[in-house]
Amino acid sequence: MNQNTEHFYAVQSFLEDDELCKIWNIIEIAMEREGYDVQNAELSMRLYDTELTENKGYYNQPEPVNYYQGA
């Protein structure tokens, strides 16, 4: 593995549903204010940490069925 590889926490996998909804609502308001329609968008947040040796969070888990299809 390349030592310059950046690793991250998949932040959304650590949040409770109500916390994620609050963050999404703030982002949605800001994007719509600028004229972007984000109704079909997916929120993904990464927190990079130079001390991590691997990615942490959802990206290390098997993907649930239909996660990206909104099921």
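Modeller: Let's begin with a term: a charge sits over a ring if NZ of Lys or CZ of Arg is within 6 Å of the ring centre and within 35 degrees of the ring normal. By that rule, Arg-46 has its charged end over the ring of Phe-8, 4.1 Å from the centre.

A word on the source: this is a predicted model, where local features need pLDDT of at least 70 and side-chain atom pairs count only at pLDDT 80 or more, while totals for chains, interfaces and linings use all residues. Residues are numbered from 1 along each chain as its sequence is written, and side-chain values use heavy atoms, with hydrogens and water left out.

Now the rings. Rings of Phe, Tyr and Trp (its six-membered ring) pair if their centres lie within 6.5 Å; planes under 30 degrees apart are stacked, over 60 edge-to-face, and the rest tilted. There are 2 aromatic pairs in the structure. Phe-8 and Tyr-48 make an edge-to-face pair, with 5.6 Å between centres and 65° between planes. Phe-8 belongs to strand β1 (residues 8-10) and Tyr-48 to strand β2 (residues 46-48), so this pair ties together parts 40 residues apart in sequence. Strands here are DSSP runs (E, at least two residues), and helices are runs of H or I with at least four, all numbered from the N terminus.

How covered are these two? Buried means under 20% relative accessible area, exposed over 50%, and partly exposed in between (1.4 Å probe, protein chains only). Phe-8, at 6%, counts as buried, whereas Tyr-48, at 44%, is partly exposed.

Tyr-9 and Phe-14 also form an edge-to-face pair, 6.2 Å centre to centre with 75° between the planes. Tyr-9 is partly exposed at 27%, and Phe-14 is exposed at 52%.

Next, the sheet around them. Two strands pair if DSSP finds at least two bridges between them. The 3 strands make an open sheet with mixed pairing, in the order β2-β1-β3. β2 and β3 (56-57) stand at the edges with a single partner strand each, so one side of each has no neighbour in the sheet. β1 and β3 pair in the parallel sense over 2 bridges, and Tyr-9 stands opposite Lys-56 in β3.

One last stop is Glu-42, in the loop between α1 (17-33) and β2. Glu-42 is partly exposed at 41% relative accessibility. Its C-alpha atom is 9.3 Å from that of Trp-24, 18 residues away along the chain.
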